[in-house]
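Hi,

Here is the structure I promised to pass on. Have a look at it first, and then read my notes below.

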Amino acid sequence: MKIMRDWISRFFRQGLLKRGLSSMYQVEATVEIEILNNIISIHFKDEECTKEWKQTFTIDFEGKYKQ
């Protein structure tokens, strides 16, 4: 989980909505949201691991969205 969180923070350095209004930045924000959604949607055999995974990345996404 730490590796994924580190990768996300390096790959997407700016806030979701701080990229301006150009179409290029809107596409980047859409791609980031899609990637985060896919990461949050991952399921593991261990339901407790899945729950922790979803909670962690949902909190990360909410924090980035609020920035």
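Y65 lies in helix 3; a helix here is a DSSP run of H or I with at least four residues, a strand is a run of E with at least two, and both are numbered from the N terminus. At 49% relative accessibility, Y65 counts as partly exposed. For that label, buried means under 20% relative accessible area, exposed means over 50%, and partly exposed is in between (1.4 Å probe, protein chains only). The C-alpha atoms of Y65 and I33 are 9.6 Å apart, although 32 residues separate the two along the chain.

Before you go on, keep in mind that this is a predicted model: local features need pLDDT of at least 70 and side-chain atom pairs count only at pLDDT 80 or more, while totals for chains, interfaces and linings use all residues. Residues are numbered from 1 along each chain as its sequence is written, and side-chain values use heavy atoms, with hydrogens and water left out.

Now the overall layout. Of the 67 residues in the chain, 22% are buried. Take the contacts (heavy atoms within 4.5 Å) with a separation of 6 or more: 52% of them are between residues 24 or more positions apart.

Next, how do helix 1 and helix 3 pack, and at what angle? Helix 1 covers residues 2–11, and the angle is about 20 degrees, with the axes 12 Å apart. The axes are lines fitted to C-alpha atoms, for helices over the stretch in contact, and angles run from 0 to 180 degrees between N-to-C directions. The two helices are therefore roughly parallel to each other (under 35 degrees; over 145 is roughly antiparallel, 65 to 115 roughly perpendicular, and the rest oblique). On the helix 1 side the contact is made by M4, R5 and I8, and on the helix 3 side by W53, T56, F57 and D60.

One of these residues, T56, sits in helix 3, which spans residues 47–66. T56 is buried, at a relative accessible area of 15%. If you leave aside its neighbours within four places in sequence, T56 is in contact with M1 and R5.

Finally, the aromatic rings. A search of the whole structure finds two aromatic pairs. Rings of Phe, Tyr and Trp (its six-membered ring) pair if their centres lie within 6.5 Å; planes under 30 degrees apart are stacked, over 60 edge-to-face, and the rest tilted. F44 and W53 have ring centres 5.2 Å apart and planes at 75 degrees, so that pair is edge-to-face. W53 also pairs with F57, and here the rings are tilted, with 4.7 Å centre to centre and 55 degrees between the planes. Both W53 and F57 are in helix 3, four residues apart, or about one turn of the helix.

F44 counts as partly exposed, at 30% relative accessibility. Together, F44, W53 and F57 form one aromatic cluster.

Cheers
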